[in-house]
Each structure stands twice: as structure tokens, then as C-alpha cells.
Amino acid sequence: TIRMTVQKAIASDQLQTLEYELDLDLGTRCFEMRVIASGDNEAVAIVRDITERKKAEEEMLFLRFRDRLTGLYNRDFFEEELRRLDTDRQYPLSVIVGDIDGLKLVNDVLGHLEGDWVAVRIADILQESCRDEDIICRTGGDEFTILLPQTTDADARKIMRRIKKSCDEQMKAGKLTSLSLGSCTKKEGKMTREQLLKEADESMYQNKLTNRDQRLSDML
């Protein structure tokens, strides 16, 4: 690749830039090479170590699209992915919405640190319960949203049952992990993204209201 870049610089008489990695004693390092022709069959190249710059860029990208507490994707990433996946070849496109039950109560009674641990535990459960291709996001302080491309309503409900089972097992072990869930599936392009999320939210709130007393009792 380096040789091809040099040859291209000589042939085109224009500046060429190449980024590449090398495994050295200090570990893998990233380099940037800038090369330009200096004669009929000659070129001059300047090579810089850009490892730290690449690490900083990756960290900035991580902070832009990741939730700092849980490590899940954040709302910005969710909104971009929802737009990207809203295509015919990704239908049926399902969404699961989850809302932590009683997070305000946990924060008020046990403190915000315990509230943070609830969010982290639920994030772990979601990652364990979902498939590799599913996109799990923390879209609010107590809200999680999962994008499931090429997933039917029936399959989305199977995933919700897995999540609920894991949460119940954690609750029985004395760890607060109560989560209300709802879902909606977009089968074709007539449904808007706003309708998809609205129906998923309504499904989740219906679940929350139906089981409110039992969940409050479990938490207490």
C-alpha cells in the first residue's frame, strides 16, 4: 500500500496521503504519510506518528454517541440509526421501549448512587437478552430504547420476555431491576417513525399501569 501511494504520487505529481498501522515493541502505532513527487522517478515523504490523535478522535466519537454511565448508545445515536434503518429492506422494524419503575423513589430513598446502579444492572440485562445485531440505547435517565431491524412483533415479544425474566430473577435476589416494557413493529413505509415510537411508548405505559401495584410492592 505504501509503494502504491508513492507510485501514485509520482504518476500524478500531486500530494498523496496514507494512514497505516504498524505493530511495534511499544504496541500498535498509527502513522500518517504525506508523499509528493520530487523528480521523474523520485518522491519525498513525511511520516508522522498520529497514534495519540487517533485515540483522541475515537474518544470524542465514543463520547458523542455513548451514554457515559452505562456505555450503551445514547439518544443522538438512536435517532440517527432509526432514520438509517427506516427502509423497506429492514422491515419489519421493531422497537422496544423500557422505563425503569420507581427510579425517583430509589433516588429519593436510597440515593442517586443506587439509582445509577439500577440503570447499570438493567443495561447489562438488556445486553445479555438481546441479539448482537440489536441496537440498545439509553435515551433518557430512566428510559431505554432498542432497535430491532428485520424483527417481527412476535420475535420482539420473545426478547421482552427474556428481559422480564432476567429482571425478575434479579429482583428475587434483592437487586432492584424493575422495568416496564412496550413494543411496536413497523411492517411497511406508511407508518411514520413518530407513530412507531408513540405506539411503543403507549404499549409501555399500559404495561406500567397494569402492573404498577405489584411492582411497587416488590420494590418496597
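**Notebook: a first look around**

I started at Gln150, which is exposed, with a relative accessible area of 52%. My scale here is that buried means under 20% relative accessible area, exposed over 50%, and partly exposed in between, with a 1.4 Å probe and protein chains only. Before going on, I noted that this is a predicted model, in which local features need pLDDT of at least 70 and side-chain atom pairs count only at pLDDT 80 or more, while totals for chains, interfaces and linings use all residues. I also noted that residues are numbered from 1 along each chain as its sequence is written, and that side-chain values use heavy atoms, with hydrogens and water left out.

I looked up where Gln150 sits, and found it in the loop between β6 (143-148) and α6. The element names follow DSSP runs numbered from the N terminus: helices are H or I with at least four residues, strands are E with at least two. Gln150 has a phi near 55°, a positive value in a residue other than glycine.

I then turned to Asp13, whose phi is near 60°, again positive in a residue other than glycine. Asp13 belongs to the loop between α1 (2-12) and β1, and it counts as exposed at 54% relative accessibility.

Which two residues does a cis peptide bond join? I found Tyr91 and Pro92, with omega at about -5°. Pro92 is in the loop between α3 and β4 (93-100).

**Entry: aromatic rings**

A handy reminder: a pair of aromatic rings is described by the distance of the centres and the angle of the planes. I counted rings of Phe, Tyr and Trp (its six-membered ring) as a pair if their centres lie within 6.5 Å, with planes under 30 degrees apart called stacked, over 60 edge-to-face and the rest tilted. By this rule I get three aromatic pairs.

I checked Tyr20 and Phe31: their ring centres are 5.8 Å apart and their planes at 25°, so this pair is stacked. The two come from distant parts of the chain, with Tyr20 in strand β1 (residues 16-24) and Phe31 in strand β2 (residues 27-39), 11 residues apart. Are they buried or exposed? Tyr20 is buried, with a relative accessible area of 18%, and Phe31 is buried too, at 13%.

Next I looked at Phe65 and Phe77, whose ring centres are 5.5 Å apart with planes at 75°, so I filed them as edge-to-face. Phe65 lies in helix α2 (residues 51-65) and Phe77 in helix α3 (residues 75-85), so the pair ties together parts that are 12 residues apart in sequence. Both Phe65 and Phe77 are buried. I also saw that ring pairs link Phe65, Tyr73 and Phe77 into a cluster.

Phe62 is in helix α2 as well, and it counts as partly exposed, at 42% relative accessibility.

**Entry: helices against helices**

I followed helix α5 (residues 112-129) to its contact with helix α6 (residues 153-172), where they pack at an angle of about 140° with their axes 9 Å apart. The axes are lines fitted to C-alpha atoms, for helices over the stretch in contact, and angles run from 0 to 180 degrees between N-to-C directions. α5 and α6 are therefore oblique to each other; under 35 degrees would be roughly parallel, over 145 roughly antiparallel, 65 to 115 roughly perpendicular, and the rest is oblique.

Which residues of α5 meet α6? I listed Arg121, Ile125, Leu126 and Ser129, which meet Ile159, Arg162, Ile163, Ser166, Cys167 and Gln170 in α6. Contact means heavy atoms within 4.5 Å.

I then checked helix α4 (residues 103-110), whose axis comes within 6 Å of that of α5, the two crossing at roughly 145°. Leu103, Val106, Asn107 and Leu110 of α4 make this contact with His112, Glu114, Gly115 and Val118 of α5.

**Entry: Arg121**

My last stop was Arg121 in helix α5, which is buried, with a relative accessible area of 17%. Leaving aside neighbours within four places in sequence, I found Arg121 in contact with Glu114, Gln170, Lys175, Leu176 and Thr177. Arg121 and Lys175 are 54 residues apart in sequence, and 8.6 Å apart in space, C-alpha to C-alpha.
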